[in-house]
Amino acid sequence: MRLFLHQLRSEQRIFWRNRESAVFVFLFPVLLFLLLGTVYSGHYRGRPVTDYLTVGLIAYGVANTTFGGLAITVVIRRELGLLKRILSTPLPAPTYLIALVCSLLLAFVLQAIAIVVLGKTLYDAHLPSDRLSLVLAYALGALCFAGMGLGVASLIRSSEGASAVVNVIILPMTFLSGGFGPTRDYPQVLNAVADVLPLTYLVDLVTGIVFDGKAIWDQRSAVAVLAAWGVAGVLVALWRFDWQPRER
């Protein structure tokens, strides 16, 4: 536990001192929320559309932080030889990875709080009474996308391509899944693609809680799909994860 807490503090210092990373991982979803909140108006399923944007942009923040942030960080550190050096220290490799994931989760929690506060202050957004289900849904999404982030990091060969690969995955997935707004007017072909994306099920899970009053345990199919995607990412990581640089 002592080693874990020490590494977690170190990861937090590294994260916030890296301004570029902090902007991409922490600030970008908040800025998108402010932008989309001024563009969208009206109601969705009987409630202000800003209620949808609040939970949708937090879902995007989950993917952007735990999937994108983790994948990019792991690839860059692997290619710089930092992961290889970890193996020669007293810090167990699993503890290092868990501390990295937990550091990104802390950044996401602060990000989610910022979006909720802005949504309530600027757009009078409302959250459901069953906030426990909402927190559990985002926690499940965070674990799912963290597993996927490790899996994708295992497949990316160079640090130069990490950011490009992550953005090519995250941004279209968020658009198709409804993280940037309702998808009710999308063509059928786009909805068919969205049906296989993990973020779709996270958005469905949280909107079901917010708009339909469904508890997380009443939406077993969405929970099962998210868990399956997370397990698949972990299995890929177990198969292909490498602590050694690949491009040297």
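1. Helix H7 covers residues 162-177, and its 16 residues should span 22 Å at 1.5 Å a residue; the end C-alpha atoms lie 22 Å apart, which agrees. The expected span is 1.5 Å times one less than the number of residues. Helices here are DSSP runs (H or I, at least four residues), numbered from the N terminus.

2. This is a predicted model, in which local features need pLDDT of at least 70 and side-chain atom pairs count only at pLDDT 80 or more, while totals for chains, interfaces and linings use all residues. Residues are numbered from 1 along each chain as its sequence is written, and side-chain values use heavy atoms, with hydrogens and water left out.

3. Ala162, Val166, Ile170, Met173, Thr174, Leu176 and Ser177 are the buried residues of H7; buried means under 20% relative accessible area (1.4 Å probe, protein chains only). Down the axis of H7 they fall within an arc of 165°, so they line one face of the helix. The arc is taken from the directions from the helix axis to the C-beta atoms.

4. Their cover includes helix H3 (49-79), helix H6 (131-155), helix H8 (188-194) and helix H9 (198-211). Contact means heavy atoms within 4.5 Å.

5. After H7 comes Gly178, with a positive phi near 95°. Thr183 sits in the loop between H7 and H8. Apart from neighbours within four places in sequence, Thr183 contacts Phe175, Leu176, Ser177, Gly178 and Asn191.

6. H3 and H9, both part of the cover of H7, have axes that come within 10 Å and cross at roughly 145°. Axes are lines fitted to C-alpha atoms over the stretch in contact, and angles run from 0 to 180 degrees between N-to-C directions. The H3 and H9 crossing is right-handed, a term for the near helix being turned clockwise from the far one by less than a right angle.

7. On the H3 side, the contact is made by Asp51, Tyr52, Val55, Ala59, Val62 and Ala63; H9 contributes Leu199, Leu202, Val203, Val206, Thr207, Val210 and Phe211. These residues divide into 11 nonpolar, one polar and one charged. Ala, Val, Leu, Ile, Met, Phe, Trp, Tyr, Cys and Pro count as nonpolar, Asp, Glu, Lys and Arg as charged, and the others, Gly among them, as polar.

8. In helix H1 (residues 2-17), Gln7 counts as buried because its relative accessibility is 12%. Not counting residues up to four places away in sequence, Gln7 touches Leu91, Tyr96 and Ala99.

Key
Helix = DSSP H or I, 4+ residues; strand = E, 2+ residues; numbered from the N terminus. Buried < 20%, exposed > 50% of the residue type's maximum accessible area, 1.4 Å probe, protein only.
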